[in-house]
Amino acid sequence: MQQYCSDTRFDAIVLGAGISGLVSAYLLADRGRRVLLLDDYAELGGNHISRDIGGMSFDIGCFFFHENSAFFRHFPQLLGLYLPAETRVVKVRPDGGISGYPFDLRHDLLSLPSAKQAHILSSLIRSRLTVDQRASALDFITYWVGREFANVSGLVPYLRRFYSAEPNQVESSFARKRMGWVARNANLAGLLRSLRRRPETETNACFVRPKAGFREIYSKVAEMLREKGAVVQLAAAVQAIAQTGDGSMTVALASGSVHAAELFSTVPLATALRYCGMPVPAELKSASLVSLFYSFTGNRGFDGNVLYNFHDRGLWKRLTFHSDFYGETAGRAYFSVEFTVIGEPLTIDRYDEDFRKDAAGKGLFAGDLVLEGANMLDHAYPVYLKGASAAADRAIEDLARFGVRSYGRQGGFDYQPTGDVSASVAERTIRGTLSA
Ligand SMILES: Cc1cc2nc3c(=O)[nH]c(=O)nc-3n(C[C@H](O)[C@H](O)[C@H](O)COP(=O)(O)OP(=O)(O)OC[C@H]3O[C@@H](n4cnc5c(N)ncnc54)[C@H](O)[C@@H]3O)c2cc1C
């Protein structure tokens, strides 16, 4: 898919070929700009990565897609390549039972003794009166559901696992972005909705990538970019970014330098700062994602294809049964298990050992569980420890003054939960530039 780049002058250079970079390059090329799209991966798609192991295909980073996504607005031909799927999302509760994700009032509240329910209600009233939801992620959650329910429902252990940090050290703005559903579900209308539905059996219609992996999708995207005249260079080793005297920007690559009037970056913010020779604030930390890939025959101890860990034991955060969407391989089901990590990860053996022990304790799998492989994804999540979003805003402004517009999930140090959000932000950024 790599195109050899013999030209060195472009109207625009886009760094990073994930959803943000692809939508940006496409929109610019569509408006007649000569565009160069650079990525250090060998394939397009960014976090949309799948691994094929012995005929089983596992996902890393992005599993589910919705047809109203802004990404499909630009690449409508792709939708036909995705497979319709139904997800059934459940959680392991702190008491070890399985019920609907994220809240299931029947199990999380109504099944409790009335004295406990009264305690939860009084804790909620106290929290609403005394807690400042802007102080930290823990305070945001506590304000909306009360301290007692945050523990009973398993939200606190889940938050700790999700951030790989104590929730009282995490910015409230992050919780608002990542867990806006807590606030939405914790008002009266949300509670009534939750009582009417049966979350433990509820399915959601969406799409998953083709069984053969993301390659089929992104080779089509490459073709569409080429048709618009954009040049794509993969496995591109950027060395530095500099201003040139005439107001344009230069990107030094291992293979030579390329120049453009405008430079858009969707690569990690810290990486772009380094390329421009700027200091990287210590607050800009990212969590990595470790994925373990398992195959299995036997009895699954839960009815669902996505299972979140809201229990206070076990390092794993979520598991997803890919074989529920693509079919079993040689009589074996297969799934991936995710762990978030800040700093040095443990060894794969250690994650495997922890998962097996925890799954056995929770009765999740009775049968033959085989570890088929593992993957580590850097920069999976921006970590909003206190002070991080202000440091990120300052860094993005510094880059803009230098001549680099930085945005996207990594470039904007912005927890963008879906490709729809990433595509919409890219669309706004490019439209803003084109109309300026
Ligand atoms: C664990 C996880 C699960 C998710 N699940 C879903 C889901 O189910 N559904 C959904 O819609 N969204 C999901 N998302 C969100 C979705 O993946 C993102 O919104 C979207 O992929 C972000 O696109 P992006 O282009 O901004 O960033 P990325 O996809 O991260 O792209 C950044 C690009 O920059 C490149 N790059 C990095 N460094 C350099 C460098 N030095 N030089 C050149 N290029 C570089 C990378 O190779 C990459 O291609 C999930 C994300 C994660 C992490």
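A residue is termed buried when its relative accessible area is under 20%. By this criterion, buried residues account for 56% of the 436 residues of the chain in this predicted model.

**Figure 1. Overall view of the predicted chain.** The fold comprises 17 helices and 18 strands. The radius of gyration is 23 Å, close to the 22 Å given by the globule rule for 436 residues, so the chain is as compact as a globular protein of that length. Along the principal axes, the C-alpha atoms fill a box of roughly 75 × 55 × 40 Å. Of the contacts between residues at least 6 apart in sequence, 73% join residues at least 24 apart. The chain exposes about 18,400 Å², of which carbon and sulfur atoms supply 50%. There are 49 positive and 46 negative side chains, and the centres of these two sets lie 5 Å apart.

Figure 2. Strand S13 (residues 285-300) pairs with S16 in the antiparallel sense over 9 bridges. Within this view, leucine 289 stands opposite threonine 340 of S16. Strand S15 (residues 318-321) also runs antiparallel to S16, to which it is joined by 4 bridges. Leucine 319 has valine 337 in S16 as its bridge partner.

**Figure 3. Close-up of strands S3 and S4, which form a hairpin.** Strand S3 (residues 49-53) and S4 are antiparallel and pair over 5 bridges. Isoleucine 49 stands opposite isoleucine 60 in S4. The hairpin has 2 residues between the strands, and glycine 54 takes a positive phi near 55°. Strand S4 (residues 56-60) is mostly covered, with 5 of its 5 residues buried. This cover extends to both faces of S4: Met56, Phe58 and Ile60 are buried on one side, and Ser57 and Asp59 on the other.

**Figure 4. Close-up of helix H7 (residues 155-163) and the residue that follows.** Helix H7 is mostly covered, as 8 of its 9 residues are buried. The buried residues of H7 are Leu155, Val156, Pro157, Tyr158, Leu159, Arg161, Phe162 and Tyr163. Serine 164 follows H7 and has a positive phi, near 55°.

**Figure 5. Close-up of the cis peptide bond between tyrosine 101 and proline 102.** The omega angle of this bond is about -5°. Proline 102 belongs to the loop between strand S7 (98-100) and helix H3 (105-110).

Figure 6. Histidine 379 is placed in strand S17 (residues 365-383). Partly exposed residues fall between the limits of under 20% for buried and over 50% for exposed, and histidine 379 counts as partly exposed because its relative accessibility is 30%.

Key. Residues numbered from 1 in each chain as written. Predicted model: local features only at pLDDT ≥ 70, side-chain atom pairs only at ≥ 80, totals over all residues. Heavy atoms only, no water. Rg over C-alpha atoms; globule rule 2.2 N^0.38 Å. Buried < 20%, exposed > 50% of the residue type's maximum accessible area, 1.4 Å probe, protein only. Contact = heavy atoms within 4.5 Å. Areas by Shrake-Rupley, 256 points an atom, 1.4 Å probe, with all protein chains shown as cover. Lys, Arg positive; Asp, Glu negative; His and termini not counted. Charge placed at Lys NZ, Arg CZ, Asp CG, Glu CD. Pairing = 2+ DSSP bridges.
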